[in-house]
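My entries follow the structure below.

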Amino acid sequence: MAPILYMTLLSPPSRAVLITAQALGIELELKNVDLAKGEHRRPEYLQLNPLHTVPTLIDGETIITDSHAINAYLVRKYSSDDKLYPRDHSKRALVDQRLHFDTGILFNSFRNAAAPLFYRKSKEVPQETANQVVEAYRFLEAFLEKNKWMAGGEVTIADFSLAASVTSLDVLVPVDSLLFPKVTAWMQRFQELSYAKVNEPGLNDLKEVVKKCMARGPSPSLTAARVKKIDLAASSFDPGDRVLWRWRPFHGHSLGGGQAVGDPY
Ligand SMILES: N[C@@H](CCC(=O)N[C@@H](CS)C(=O)NCC(=O)O)C(=O)O
């Protein structure tokens, strides 16, 4: 039976897993999780993943709730060689370092940059957040100083996670090719990999969503009426008001309906 992947196409970590599966030629059963409907907070999903994040992989008895861990597992279990996640201790340490960088800094900066547009009616990424993103690009440029790929001379799962994050971040804070020529060339190299095409539908959806957010009329993040609704003492902030857009349904399985909840990030 094919491993099951709970995911949504707009999500960079979900797309990183799709890239890995595609690179390995593994078939996955995809189940769409509609974050805007709160499907990730439904009891049946929380049983699988108490962190209420996508992606989640189920492979028989094994449940994995982080894209980086999923990718490492898929290579170890399903690949005939270790190229994408080397067994060599030093090489693996470098790949792991990049994966942790994605979790702690790069993908995190995507969350920070996307949240004001998606959930706070902002038309743009706040300058301070954009600066943090540019700082993250600077680190990536340094990673590529001596290497063609993010963790050495060969493509690894580190490239998949970082590329899923950077191509998404690029929609919000474009990568300046003059400031970051190595990152630009690496993105180009990544996009030329045949299996990387699986990143594109979700990325195109993201571009559409961001375009709509940036095009909307000025709207203060907290109107007077809105402020009145926040009862700080009771912490009764209604997150439903923050849902500004809907994740587009994926042509796959879905967990079904659910109540809208707020910022999925
Ligand atoms: N470190 C996690 C991050 C996953 C993550 O934060 N996914 C977002 C979507 S891109 C999510 O599920 N957000 C919903 C939530 O946090 O409630 C991974 O790599 O899988």
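Entry 1, ground rules. I noted that this is a predicted model, in which local features need pLDDT of at least 70, side-chain atom pairs count only at pLDDT 80 or more, and totals for chains, interfaces and linings use all residues. Residues are numbered from 1 along each chain as its sequence is written, and side-chain values use heavy atoms, with hydrogens and water left out.

I looked up the aromatic pairs and found seven; rings of Phe, Tyr and Trp (its six-membered ring) pair if their centres lie within 6.5 Å, and planes under 30 degrees apart count as stacked, over 60 as edge-to-face and the rest as tilted. One of them joins Phe101 and Phe143 edge-to-face, with 5.0 Å from centre to centre and 80° between the planes. Because Phe101 lies in helix α4 (residues 89-119) and Phe143 in helix α5 (residues 127-143), this pair ties together parts 42 residues apart in sequence; helices here are DSSP runs of H or I, at least four residues, numbered from the N terminus.

I then checked Phe101, which is buried at a relative accessible area of 9%, and Phe143, which is buried at 16%; buried means under 20% relative accessible area (1.4 Å probe, protein chains only).

Arg98 lies over the face of Phe143, 3.8 Å from the ring centre, and Arg92 lies over the face of Tyr85 at 4.0 Å; a charge sits over a ring if NZ of Lys or CZ of Arg is within 6 Å of the ring centre and within 35 degrees of the ring normal.

How values were computed
Helix = DSSP H or I, 4+ residues; strand = E, 2+ residues; numbered from the N terminus. Buried < 20%, exposed > 50% of the residue type's maximum accessible area, 1.4 Å probe, protein only.
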